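The paragraphs below treat helix packing and then the pockets.

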Amino acid sequence: MLKGHDVMLFFDKHSPLSNFQECSLTIDGFQYTGVEQRYQQKKAEWAKNDKLAQQIISAIYPTRQKYLGDKVKVDDETWKTTRLIEMYNAVKAKFVQNDKLKEYLLATSSLSLEEASTDSF
């Protein structure tokens, strides 16, 4: 994490802001190990790839979940709006359901939070 000029950059899976940060979250009655698992599983379901969706749910580590999710073929134009909704719901659940992560986020106050990643999303 790097602070400066009202910007906080984050990337590492150990950052509480990272989607790779492991944390318990429940959405629609389903238990997830974190944002990455929920997001990649929903992408696979959206693409009607039940086999990959199940593999993502079975995967323990976020790096594996992302790897499997990257195999899902989606029409980016159609998926574009849906992915924003899915990511919003997962990130919101992460911070609403986990008090320590919520406190961390609130402590960033007015800083601009930016993920230092090569992933375009």
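The crossing of α1 and α3 is left-handed, a term used when the near helix is turned anticlockwise from the far one by less than a right angle, right-handed being the clockwise case. Helices here are DSSP runs of H or I with at least four residues, and strands are runs of E with at least two, numbered from the N terminus. This is a predicted model, in which local features need pLDDT of at least 70 and side-chain atom pairs count only at pLDDT 80 or more, while totals for chains, interfaces and linings use all residues. Residues are numbered from 1 along each chain as its sequence is written, and side-chain values use heavy atoms, with hydrogens and water left out.

The axes of α1 (residues 35–46) and α3 (residues 62–69) come within 9 Å and cross at roughly 15°. The two helices are therefore roughly parallel. Axes are lines fitted to C-alpha atoms, for helices over the stretch in contact, and angles run from 0 to 180 degrees between N-to-C directions; under 35 degrees counts as roughly parallel, over 145 as roughly antiparallel, 65 to 115 as roughly perpendicular and the rest as oblique. Contact, meaning heavy atoms within 4.5 Å, joins Glu36, Gln37, Gln40 and Lys43 of α1 to Pro62, Gln65, Lys66 and Gly69 of α3. By class, this contact has 1 nonpolar, 4 polar and 3 charged residues. Ala, Val, Leu, Ile, Met, Phe, Trp, Tyr, Cys and Pro count as nonpolar, Asp, Glu, Lys and Arg as charged, and the others, Gly among them, as polar.

Helix α1 also packs with α2 (residues 50–58), at an angle of about 170° and with the axes 8 Å apart. That angle makes α1 roughly antiparallel to α2. Gln37, Gln40, Gln41, Ala44 and Glu45 of α1 meet Leu52, Ala53, Ile56 and Ile57 of α2, and the contact has 5 nonpolar, 3 polar and 1 charged residues.

Helices α4 and α5 (residues 99–107) pack at about 105°, with their axes 5 Å apart, so α4 is roughly perpendicular to α5. Here Lys94, Phe95 and Gln97 of α4 meet Asp99, Leu101, Lys102 and Leu105 of α5.

The largest pocket has a volume of about 500 Å³. On a 1 Å grid over the protein atoms alone, a pocket is an open set of points with protein on both sides within 12 Å along at least five of seven lines, whereas a cavity is a set where a 1.4 Å probe fits but cannot get out; lining residues have an atom within 4 Å of a point. Grid points are joined across faces, edges and corners, and a volume is the space filled by probe spheres set on the points. Of the 23 lining residues, Glu36, Gln40, Lys66, Asp119 and Phe121 are the closest to the centre of the largest pocket. Its largest share of lining, 5 residues, comes from α4. The lining has 7 nonpolar, 5 polar and 11 charged residues.

The second largest pocket holds about 170 Å³. Its lining includes Phe10, Leu17, Val91, Phe95 and Leu105. Strand β5 gives the most to this lining, with 3 residues. By class, the lining has 6 nonpolar, 1 polar and 2 charged residues.
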